[in-house]
Amino acid sequence: MKFRYWLLVIFLCIVGILFCTKTTVSDKNEVVFWTLQLGTFSDYMNPIIEEFESKNPSVKIKWIDVPYSEGEKRTLASILSNNPPDLVNLTPDFSSVLAQKQALYTFDCNSLKDYNSQIVNSLKYNGRCYAVPFYATSAITFYDKKLVSSAGINKIPKSYDELYSISEQIKRKTGKYSTMPMLTENDTMLKILNKYGINTPDKLLSDKSKDVFLQYKTLYVKELIPRESLTQTHREALEQYMSGQIVFIQSGANFLTMVKDNAPKVYDSTGVSYQLTGSSGKYDVSIMNLIIPQRAKNKEAALKFALFLTNRENQIEFAKLTPVLPVNNQALNDEYFNTYNESDLISKARYISAKQLTNLESPIHLGRNHKEILNLINTSVQEVLLGKSGVSSILSKTSKMWKALLSNE
């Protein structure tokens, strides 16, 4: 009898333990978190997840890294289903489209009072925020000091107009090109136009817009920029810079390491300056953000984790691992971004990039058809420079097609 009694007691204890364990796991709110091509940063991400979970024992973070090229497609498919992830790393362009379709969870922007206000303002829809900014990059200007000296240039240009006004002088005295602008790569031309306040189909027809296009046509026809400016990418432009064929290049600070490794003599002659500006005198920025689908199961926990991931300490640590900029003002105010050694080119580049975040041009959100609109702009640049038709005619056609794409959303 005693044996049966103790057997029953042991059985009930085992059942109780199993029940409690199951309850503990199932009671946790699992936040499914997708990033874009950040799998190599597991040594950074996993400790953050562990720390967050220890501070929030009722939450479990499930991190999944997605290939960059599949991010938009997978996100859209998941949002259309009834089981989307809770937090997704996305680009602002696609995020804004989802926000306009009311597919995203929106929240009080006071949650982001410690973040860069200009970036936060670009992530608003109907007065509420639809994303938490994750990190930023802002291109700067590299220049070859030896070639600058050989060209007799005493002042580093601050704007596109200043650079292009000395392009003939550079070519005459050095035989080199002033720059290679990669006019049809991604949103390069759109960002240039935006710095001149040209950001709608109607403004594309303005006199200022025509002047900008004609300026590039003049540079192209006079061979003051490489012919490849119409077809090649930033990587080819960087190779031209490293081989001493162009004097100035707009690039991310992270590419200084490539110059240092592949062209040490050019690196030793390289100086850095602020990004070239248009008539607005402002700088452009690229950001990545974190969104929460409207159908997510754990919205509040996802938002809490997004804010934790982008706090001061975590942003600074991430910026030290990869050359990105924080979007959190407390992180941006850290000494790491506000001081530099004159002999340390990379620290100076980081300093300049960070300072540019205080004077940003508002980005253009092109909507659902942003890729098609970019193709229109880039095609118009090619047609203008190749002289396929008059500038006014080309821009009029592009403006009408742009409007049609916007009306079809």
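Glutamate 223 lies in the loop between α10 and α11. Helices here are DSSP runs of H or I with at least four residues, strands are runs of E with at least two, and both are numbered from the N terminus. This is a predicted model, in which local features need pLDDT of at least 70 and side-chain atom pairs count only at pLDDT 80 or more, while totals for chains, interfaces and linings use all residues. Residues are numbered from 1 along each chain as its sequence is written, and side-chain values use heavy atoms, with hydrogens and water left out.

Glutamate 223 follows α10 and has a positive phi, near 55 degrees. Most residues other than glycine have a negative phi. Glutamate 223 is partly exposed, with a relative accessible area of 40%. The classes are buried (under 20% relative accessible area), exposed (over 50%) and partly exposed (in between), using a 1.4 Å probe and protein chains only.

## Another positive phi

Glutamine 102 lies in the loop between α4 (92–100) and α5 (117–121). Its phi is near 55 degrees, a positive value in a residue other than glycine. Glutamine 102 counts as exposed, at 60% relative accessibility.

## Helix α10

Helix α10 covers residues 207–221. Its 15 residues should span 21 Å at 1.5 Å a residue, and its end C-alpha atoms are 21 Å apart, which agrees. The expected span is 1.5 Å times one less than the number of residues.

The buried residues of α10 are Ser209, Val212, Phe213, Tyr216, Leu219 and Tyr220. They cover an arc of only 120 degrees around the axis, so they sit on the same side of α10. The arc is that of the directions from the helix axis to the C-beta atoms. These buried residues pack against α7 (160–165), α8 (167–174), α9 (188–194), α19 (370–385) and α20 (391–407). Contact means heavy atoms within 4.5 Å.

## Glutamate 168

Glutamate 168 lies in helix α8. Glutamate 168 counts as partly exposed, at 44% relative accessibility. Leaving aside residues up to four places away in sequence, glutamate 168 touches Lys222 and Leu224. Its C-alpha atom is separated by 9.9 Å from that of isoleucine 225, 57 residues apart along the chain.

## The α19 and α20 pair

The axes of α19 and α20 come within 10 Å and cross at roughly 175 degrees. Axes are lines fitted to C-alpha atoms, for helices over the stretch in contact, and angles run from 0 to 180 degrees between N-to-C directions. The two helices are therefore roughly antiparallel. Angles over 145 degrees count as roughly antiparallel, under 35 as roughly parallel, 65 to 115 as roughly perpendicular and the rest as oblique.

Residues of α19 in the contact include Ile373, Leu376 and Ile377. Those of α20 include Met401, Trp402 and Leu405.

## The sheet and its helices

An open sheet of 3 strands has the order β8-β7-β9, with antiparallel pairing. Two strands pair if DSSP finds at least two bridges between them. β8 (248–251) and β9 (270–273) stand at the edges, each with a single partner strand, so one side of each has no neighbour in the sheet. The twist averages 30 degrees from one strand to the next.

Strand β7 (residues 140–144) is joined to β9 by 4 bridges. Tyrosine 143 has glycine 271 in β9 as its bridge partner. Helix α11 (residues 234–242) packs on the sheet and touches β7, β8 and β9. Its direction makes about 145 degrees with that of β8. Helix α18 (residues 345–356) lies across β7 and β9, running at about 15 degrees to β9.
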